[in-house]
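The exercises below ask you to read a protein model step by step, starting from a single residue and ending with the whole chain. Try each task with the structure open before you read its solution.

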Amino acid sequence: MSEPADAARRRAVPPVLVYPPDSLPPAPLAAYRDALAGAERTGTVTVPPRDAACVEVPSGAFLRILSVEGPQVGDLNLFRLGDLAERFFSGKTRALHGTHVGVGDRLWSCFPYLRPLATIVEDTLGWYGTDADGGRVHDVIGTRCDPYTGRLLSGTDYHHCCHSNLTRALAARTGLTLAEAEGHVHDVLNLFMCTGFDAEGRYFMKASPVRPGDYMTFLAEQPLLAVLSTCPGGDCGAGHSSDAAACHPLVMEVWEGAAPDGWAEPAPSAYDRSHGL
Ligand SMILES: [Zn+2]
């Protein structure tokens with residue numbers, strides 16, 4: 001297709017950040033770290049390879065997710081405890097904070113709530129930055145590996161994709177049927193996963209730099225039900241949706257103590273939901 005005469009001029013307009021970094025007040029990380037320093041571990045849940053598990057985190061407490069035994073990517077779903085309607089909103093988190101998240105970023109909930117579910121307080125992979133391929137860690141781009149795309153691409157069924165792992169774990173925890181639980185499973189935080197876009201804009205992954213002992217810690221801005229899947233892709237350096245990759249457990253820890261100084265649970269969006277009528 002031929003270009004219009006003013007194509008160069010149209011392309012040359014400067015980009016404008018949709019949500020500049022100062023659009024939101026910064027997270028009070030010093031107060032969060034002080035609270036974490038005084039917290040004690042009150043719970044530990046191990047997620048077996050190619051499976052998922054749930055943990056409840058009280059409001060104002062901390063969730064730490066650790067790599068153990070070997071490199072492993074985790075697919076995380078978050079809900080407000082007791083209200084599955086309020087869940088993690090990957091797309092808006094991406095718009096507000098960028099394609100990959102790190103310390104100080106919030107994990108936002110869906111409409112009509114749009115408030116932080118959690119805030120990232122620690123990340124031992126914070127050193128990774130952006131590699132020569134444009135790869136970064138902890139993306140909110142990918143959706144989760146799932147048996148439907150697997151079926152579409154390979155014509156075969158694989159039942160231990162993150163989508164199915166999350167569905168089984170949520171059903172077991174809530175008593176919902178698999179079909180009911182599946183409808184609550186949502187786009188994830190791809191914890192420890194290393195991803196980016198190539199020059200043609202195609203989504204890529206490469207082996208995660210995570211090693212045993214690495215972790216990410218979140219402040220629960222609300223009471224949380226966290227559901228974590230150990231991706232069947234392992235470090236996601238090759239493929240997923242099969243039993244081919246080396247897979248390892250992940251550990252979820254709950255740390256409780258005094259809530260951070262000055263902290264209060266965020267209120268839901270004050271928008272009146274009249275939508276112009
Ligand atoms: Zn997966």
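**Exercise 1. Find P112 in the structure, and describe the peptide bond that joins F111 and P112.**

Solution. P112 sits in the loop that links β6 and β7, where strands are DSSP runs of E with at least two residues, helices are runs of H or I with at least four, and both are numbered from the N terminus. The peptide bond between F111 and P112 is cis, with omega about 0 degrees. Before going on, note that the model is predicted, that local features need a pLDDT of at least 70 and side-chain atom pairs count only at pLDDT 80 or more, while totals for chains, interfaces and linings use all residues. Residue numbers start from 1 along each chain as its sequence is written.

**Exercise 2. Where do the buried residues of helix α3 lie around its axis, and what do they pack against?**

Solution. Begin with the buried residues of α3 (residues 90–97), which are S90, T93 and H97. They lie on the same side of α3, because they cover an arc of only 60 degrees around the axis, the arc being that of the directions from the helix axis to the C-beta atoms. An α-helix has 3.6 residues a turn, so residues three or four places apart point the same way. The buried residues of α3 pack against β6, and two residues count as in contact if their C-beta atoms, placed from the backbone, lie within 7 Å. H97 counts as buried because it has 20 C-beta neighbours inside 10 Å. Just after α3 comes G98, with a positive phi of about 110 degrees.

**Exercise 3. What is the strand order of the open sheet of 6 strands, and which helix packs on the sheet?**

Solution. The order is β1-β13-β3-β11-β7-β6, with antiparallel pairing; two strands pair if DSSP finds at least two bridges between them. The edge strands are β1 (40–47) and β6 (106–108), each of which pairs on one side only. Neighbouring strands of this sheet are turned by 25 degrees against each other on average, direction ignored. Within the sheet, β3 (residues 62–67) and β13 (residues 250–256) run antiparallel and are joined by 6 bridges, and the bridge partner of F62 in β13 is W255. Helix α2 (residues 29–37) packs on the sheet, where it touches β3, β7 (116–123), β11 (215–220) and β13, and its direction makes about 75 degrees with that of β7. For such angles, axes are lines fitted to C-alpha atoms, for helices over the stretch in contact, and values run from 0 to 180 degrees between N-to-C directions.

**Exercise 4. How many residues of strand β12 are buried, and which strands pair with β12?**

Solution. In β12 (residues 224–230), 7 of the 7 residues are buried, so the strand is largely enclosed by the rest of the structure. L224, A226, L228 and T230 point one way, and L225, V227 and S229 point the other way. Strand β2 (residues 52–57) pairs with β12 in the antiparallel sense over 6 bridges, among them the one between V57 and L224. Strand β4 (residues 74–80) also pairs with β12 in the antiparallel sense, over 7 bridges, and there the partner of F79 is L225.

**Exercise 5. Which residues have the most contacts inside the largest nonpolar core?**

Solution. The residues are L63, A226 and L228, in a core of 59 residues; a nonpolar core is a set of buried Ala, Val, Leu, Ile, Met, Phe, Trp, Tyr and Cys residues joined through C-beta atoms within 7 Å. Leaving out residues up to four places away in sequence, L63 touches V57, A118, F218, A220, L224, A226, M252 and V254.

Key
Buried ≥ 20, exposed ≤ 12 C-beta atoms within 10 Å, placed from the backbone.
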